[in-house]
Amino acid sequence: MASSAVSTERTISVTVNGTTYEREVEARKLLIHFVRDDLDLTGSHIGCDTGNCGACSMIVDGTLVKSCMMLAVQADGATIETVEGLAAGDELNALQQSFSAHHALQCGYCTPGMLMSATALLRENPHPSDDEIKKALQGNICRCTGYWNIFEAVKAAAE
Amino acid sequence: MTTTTIAPEQVEQQQETWSGQNVPRKEDRRLVQGQGVFVDDVKRHGMGYLHFVRSPYAHAHITAIDVSKAEEHPGVYGTLTGEEVAALTDPFFQIASVPGANVKDYALAVGKVRYVGEPIVAVVAETREAARDASELVEVEYEPLAAITDARHAQDEGVPTIHEDAGGNLMWNGVYEWGDLDAAFSEADRVVKIDELHFHRFNSTPLECDGALVEYNRGTGQWTITTNNQFPGFAIIMMGPAMRVGLDKLRFVTQDIGGGFGNKITSHPQLVACCLLARKLNRPVQWTEWRTDFHLSMSHGNERWFQDTEVAVKSDGTLLGFRTKALDDAGAYLRYEPLGGVIWAQVTPGMYKWQHVRVDFTQVATNKAPVSPNRGYSRMQHLWFTERVIDIVAHELDLDPVEVRKRNYIKAADMPYTTPNGCVYDSGDYAKMLDIALDLVDYAGIGAKRADAAARGKLLGVGIGSTLDSGTNNFGQSRLINPELQFSGNNEVATVKLDIFGEIVVTLGTTPQGQGHETTAAQVVADILKCSVDDVYVRAGHDSYWNSHAGFSGTYASQFAVTGLSAVKGATEMLREEIFKLAGAIFGGVPPEALELADGGVRIKDNPEAFLPFMACGAIINANNAGLPEDLGVTLNCRYVYRPPFEVPDVERKYGNLTLTYAAQVHVAVVEIDPETGYYEVVDYAAVDDCGKRIHPQIVEGQVMGATAQALGAAVHENYVYDEDGNLLTPNFYDYHVPHALDMPPLKTGYVESASPFTPLGTKGMGEGGGAGIHAVCAAVQDALRDHGGALVWDSCNPYHRVWEMLNDPTKGARVEVVAQ
Amino acid sequence: MLLREVAYAKPSSLAEALELLAADDGARALAGGQTLINVMKARAGSPDTLVDLNGLEELKGIELGADGTLEIGAMTTYTELMGSSEARARPILGEVCAQIADVQVRNRGTIGGNVCTNDPTNHLPPLLAALGAEFTILGGAGERTVSAEEFFLGVYVTAVGTGELLTRVRVPAGRDDGFAAVTLGVDGTCIVSAAASLNGVARIALGCVDAVPVVLTPATADGDAVRQAVREANLQPPSDVHASSDYRRHLAEVLAVRAIERAQRS
């Protein structure tokens with residue numbers, strides 16, 4: 001189907017954490033719903049309906065986005081990274097281990113989005129200052145921890 | 001950003017135990033990989049997605065409902081209306097005595113809507129989108145009525161009645177009086193009169209909203225409710241009678257819950273709707289609450305006015321007593337209310353030695369979202385009030401708020417301390433906590449900081465917030481609300497067993513939402529069984545089918561460290577006794593005193609080579625039990641019910657112990673106000689907590705931090721504000737600002753460990769004490785304004801515009817009069 | 001949270017995009033989506049067709065002319081603007097973009113989206129009005145360039161009509177700029193904002209106090225003259241849950257002065 005054709009549904013091809021999926025989706029379907037419901041990758045979460053909370057954060061074509069403000073059809077051909085792709089098999093990565101060591105999670109609901117935001121930060125800025133860490137996590141709401149342990153965890157993982 | 005932790009001097013050097021250590025959390029592995037199972041993650045073949053049609057009016061008669069077009073929409077499986085609900089169910093049990101007892105509350109609005117966002121019709125369809133689309137085709141006709149949004153006018157002549165069956169908007173009233181008010185007021189040197197104080201409406205907005213996936217088994221009449229409700233014990237006693245089914249027909253399953261903070265206790269109306277539809281449609285029904293739905297309809301915290309307060313004080317600042325009229329705004333339905341009308345009494349005098357108290361407590365209905373527990377439930381409102389009183393009295397008498405507190409604090413030597421209404425504070429050293437907190441913000445140097453701020457054009461203020469986190473309820477206090485109720489005491493259950501291969505398996509009755517129950521339970525078990533925490537497997541979450549729960553099971557009200565862990569301790573000690581009995585028999589009649597647990601098994605103390613590993617114990621009992629003594633009485637599957645030592649309170653005198661433990665927190669906030677705009681920042685902050693014996697210090701500190709952050713959000717921004725038509729002006733995260741990473745001040749923490757003499761482990765429940773942050777910020781703002789008009793803070797939420805108003809017009813603060821006697 | 005049914009197209013050329021927009025009254029351009037998708041989630045607005053502009057290279061790119069003029073493609077994201085070496089010619093642009101929402105929003109949200117939405121609390125309308133920016137609009141009838149006054153017409157309303165697209169924002173050369181705001185939380189939604197520019201004439205634009213940015217040219221950059229200019233504007237700001245009309249009026253004065261002071265210091 002020509003990309004400029006107007007349609008309420010289309011078939012998209014998306015690569016998530018290294019696996020390529022081809023699915024037919026409605027144009028109105030949000031990327032977060034596509035990943036959670038169509039691909040059964042329920043690690044990314046939904047915490048609000050106004051794009052404020054960041055629980056849905058994932059990396060799309062190398063860019064950190066809130067997937068509740070993208071349509072699935074906009075991700076056609078994209079390479080996506082979610083929390084499920086961070087560990088290498090059974091081995092947690094340094095950031096995941098640091099989160100646990102610093103008690104940077106309690107209920108764990110904001111954690112996948114928080115990890116993706118931290119991942120995006122450290123890729124771009126391997127040695128961020130305290131202020132840079134806070135700025136990078138500003139779009140991720142946590143109600144359990146108060147953020148202080150999360151800052152420590154990201155800082156420690158950077159070192 | 002830095003956190004500094006001050007260790008207390010008096011804690012003794014511990015033995016090498018798991019308890020007291022920061023062991024890695026068992027929960028983390030799955031959560032950091034996105035492998036947690038939250039309710040919206042669960043899928044069932046053929047499930048239907050539910051969407052609620054919600055009321056656009058705050059108050060209206062429903063004159064017609066037509067679902068026919070919705071039902072014809074492609075993909076729709078069916079609908080449910082209030083009419084059906086009224087035919088299939090009885091109104092939910094009401095905790096209140098008359099008049100609140102007459103409120104009729106159902107799973108969906110019946111005949112009338114009473115708040116914007118109230119569910120009226122449920123639509124179930126093949127996809128989420130189809131349900132949402134079809135719900136727009138439901139036709140509802142309304143006859144709008146005037147709305148009541150101000151509790152102070154809910155009982156005025158001529159205002160609309162929200163629940164006709166209750167005859168008016170009064171839901172409950174009770175007068176509490178202890179000591180001798182007349183004597184106190186005649187002994188006083190001054191009476192400080194405070195016209196009106198207001199505690200605002202907000203909640204903890206857990207990041208995960210409510211939800212459920214409900215399945216109905218036609219053959220057995222059994223519902224399986226996979227949900228994130230945090231108090232299944234309460235949910236089933238509400239749902240069972242309403243649905244006219246036995247409680248065992250309602251199986252609750254939870255695994256990971258994305259925050260609760262009390263806000264996930266009263267989802268039972270929506271769960272009933274799901275249950276009825278699962279049965280009607282013969283398919284699993286899934287409901288996900290969206291953020292706006294949550295803000296509109298779920299669990300607002302108690303909004304409370306304190307009117308005509310009078311405080312009897314001596315010139316030196318000794319507080320003798322107070323009387324006040326507490327007016328509580330319950331919103332449109334009583335779900336867990338009016339328990340808020342008694343729960344504050346767990347902390348009647350706060351941390352202070354008041355002996356003479358009168359609280360005339362009235363709760364009314366309004367056309368706003370129903371109120372139910374929010375972190376600090378009802379105590380927070382009362383403790384904020386007592387802290388405001390301290391700071392206003394200090395201001396009026398020109399005394400130092402630190403000195404007034406120390407003069408009136410209950411002292412460590414007074415513990416255990418019986419309050420005027422018979423509650424027993426178990427332990428604590430409040431003055432010491434205050435000193436630590438003041439030290440952490442360098443209070444001694446505050447003068448220099450004030451001058452420095454002034455040089456930069458800013459007004460600096462320091463404020464203290466003391467708070468008590470009363471934990472482990474005596475549900476007998478409900479009889480002070482309604483003497484006919486048959487509730488009392490409390491309980492929690494744990495089961496610990498050895499499986500065939502000696503695996504140690506623990507099941508809990510609790511529903512953790514991030515408090516690390518799997519981890520702390522394992523620490524307690526490992527200490528008793530003398531094994532590694534890694535050898536203890538604690539099942540995640542809650543399941544009624546485990547039969548590891550009792551009437552009050554759930555995770556709420558600051559109690560796990562007492563109720564849950566005491567149940568774990570009890571079950572593990574039972575298991576240890578059984579292991580000794582079994583080994584004793586196997587070893588040919590060795591008594592338990594001669595045995596000990598070590599190295600993953602049991603051995604004879606004087607002959608360690610006589611060793612039976614747990615694996616052997618488990619195998620023998622489960623699969624190789626021929627020849628064992630007939631009366632051995634060992635199953636290695638031990639279920640223990642912890643029951644805290646409570647009496648039924650004296651309903652007549654409203655006297656008795658209402659909670660078992662009293663954790664404490666003392667916070668100090670330092671703020672800088674920009675006087676040109678009213679904008680302010682918290683520039684320094686200290687939080688000191690004492691929750692008795694800490695099983696996992698990092699988890700405790702995490703709770704203190706999280707509660708602090710929530711309090712800071714509530715103190716400045718978070719507010720459920722309604723217009724006069726009953727529309728919620730802050731219905732989502734866009735307008736209801738919750739703090740994010742850039743909003744956090746530097747935080748310093750400290751702790752004291754005053755073990756509770758009343759609990760098996762010396763622990764105290766904790767987690768709710770964050771109200772302290774609200775008290776501290778209010779006090780700090782007031783302090784900053786002291787030499788700039790001297791407005792007195794009267795509301796618990798002080799956004800920039802309110803601070804600016806108080807700066808410009810100090811009469812906009814609390815109206816206070818001091819009468820000399 | 002769930003959108004109504006919508007048709008979607010992703011044109012590969014500007015001409016195609018304009019055709020699609022002209023063909024359907026209910027067609028809307030989808031830029032960063034950081035506002036539009038939320039509007040659609042709330043079902044407050046439901047276009048029939050979304051015309052995705054994210055594939056149009058013609059709308060990307062930042063050019064710095066020899067005279068110091070910046071030509072910014074409408075589909076430039078906030079992050080791209082912040083990272084652009086060309087845009088450093090007018091540092092206030094990156095400085096203000098860095099205050100918008102959070103990194104996720106900045107990675108997708110666009111300059112064009114921000115101005116075309118023209119929400120009174122948006123940062124860029126008052127900023128660009130103060131800088132004297134111009135807006136190039138392309139449609140079936142051709143291309144035209146308009147001033148900020150001609151571009152910002154009302155709440156959510158701009159000069160971009162049906163079948164048209166904003167293609168570029170042109171920012172003149174200059175450096176003495178300032179921005180001040182009181183926001184809901186750090187870098188949150190603006191309660192009142194003020195942008196100031198001292199290139200030649202002192203110009204201030206106030207945000208959040210009216211349907212469109214209120215542009216003032218005080219007699220001098222002196223604090224009293226600035227306050228006078230704000231008072232003479234006779235503002236009637238909206239009252240809402242975050243601020244009363246009086247409070248907004250007061251903040252407008254204070255922030256106008258601060259924006260000028262920051263422009264002087266820059």
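Figure 1. Cys144(A) is in no disulfide; the nearest cysteine sulfur belongs to Cys107(A), 3.7 Å away. Cys144(A) has a relative accessibility of 5% and therefore counts as buried. Buried here means under 20% relative accessible area, exposed means over 50%, and partly exposed lies in between (1.4 Å probe, protein chains only). Cys691(B) is also in no disulfide. For Cys691(B) the nearest cysteine sulfur is that of Cys144(A), at 17 Å. With a relative accessible area of 2%, Cys691(B) is buried.

This is a predicted model, in which local features need pLDDT of at least 70 and side-chain atom pairs count only at pLDDT 80 or more, while totals for chains, interfaces and linings use all residues. Residues are numbered from 1 along each chain as its sequence is written, chains are lettered from A and ligands numbered from 1 in the order in which they are written, and side-chain values use heavy atoms, with hydrogens and water left out.

**Figure 2. Aromatic pairs, within a chain and between chains.** The count over all chains is 36 aromatic pairs. Rings of Phe, Tyr and Trp (its six-membered ring) pair if their centres lie within 6.5 Å; planes under 30 degrees apart are stacked, over 60 edge-to-face, and the rest tilted. Trp172(B) and Tyr176(B) form a tilted pair, with 6.4 Å from centre to centre and 50 degrees between the planes. Trp172(B) is buried at a relative accessible area of 3%, and Tyr176(B) is buried at 0%. Trp804(B) and Tyr247(C) have ring centres 5.1 Å apart and planes at 45 degrees, so this pair is tilted. It crosses between chains: Trp804(B) is in helix 20 (residues 800-808) of chain B, and Tyr247(C) is in helix 10 (residues 245-265) of chain C. Helices (H or I, at least four residues) and strands (E, at least two) are DSSP runs, numbered from the N terminus. Trp804(B) and Tyr247(C) are both buried.

**Figure 3. An aromatic cluster and two charges over rings in chain B.** One aromatic cluster is made up of Phe231(B), Phe234(B), Tyr336(B), Tyr377(B), Phe475(B), Phe552(B) and Tyr556(B). Elsewhere in the view list are two charges over rings, Arg653(B) over Tyr655(B) and Lys654(B) over Tyr176(B). A charge sits over a ring if NZ of Lys or CZ of Arg is within 6 Å of the ring centre and within 35 degrees of the ring normal. The distance to the ring centre is 4.3 Å for Arg653(B) and 5.4 Å for Lys654(B).

**Figure 4. Surroundings of Ser193(C).** Ser193(C) is part of strand 12 (residues 190-197) of chain C. Its relative accessible area is 0%, so Ser193(C) is buried. Leaving aside residues up to four places away in sequence, Ser193(C) touches a set of residues that includes Pro126(C), Phe179(C), Ala205(C), Cys208(C) and Leu255(C). A contact means heavy atoms within 4.5 Å.

**Figure 5. Pro483(B) in a loop of chain B.** Pro483(B) is placed in the loop between helix 14 (478-481) and strand 20 (492-498). With a relative accessible area of 53%, Pro483(B) is exposed. Ala96(B) is 387 residues away from Pro483(B) in sequence, but the C-alpha atoms of the two are 9.5 Å apart in space.

**Figure 6. Chain A.** Chain A has 5 helices and 5 strands, in the sequence order β-β-α-β-β-β-α-α-α-α. The radius of gyration is 16 Å, close to the 15 Å that the globule rule gives for 159 residues, so chain A is as compact as a globular protein of that length. The radius is taken over C-alpha atoms, and the globule rule is 2.2 Å times the number of residues to the power 0.38. Of the 159 residues in chain A, 67% are buried.

**Figure 7. Chain B.** Chain B has 20 helices and 31 strands. Its C-alpha atoms fill a box of roughly 85 × 70 × 50 Å along the principal axes. Buried residues are 67% of the 821 in chain B. Among chain B contacts with a separation of 6 or more, 80% are between residues 24 or more positions apart.

Definitions and conventions
A disulfide is a pair of cysteine sulfur atoms within 2.5 Å.
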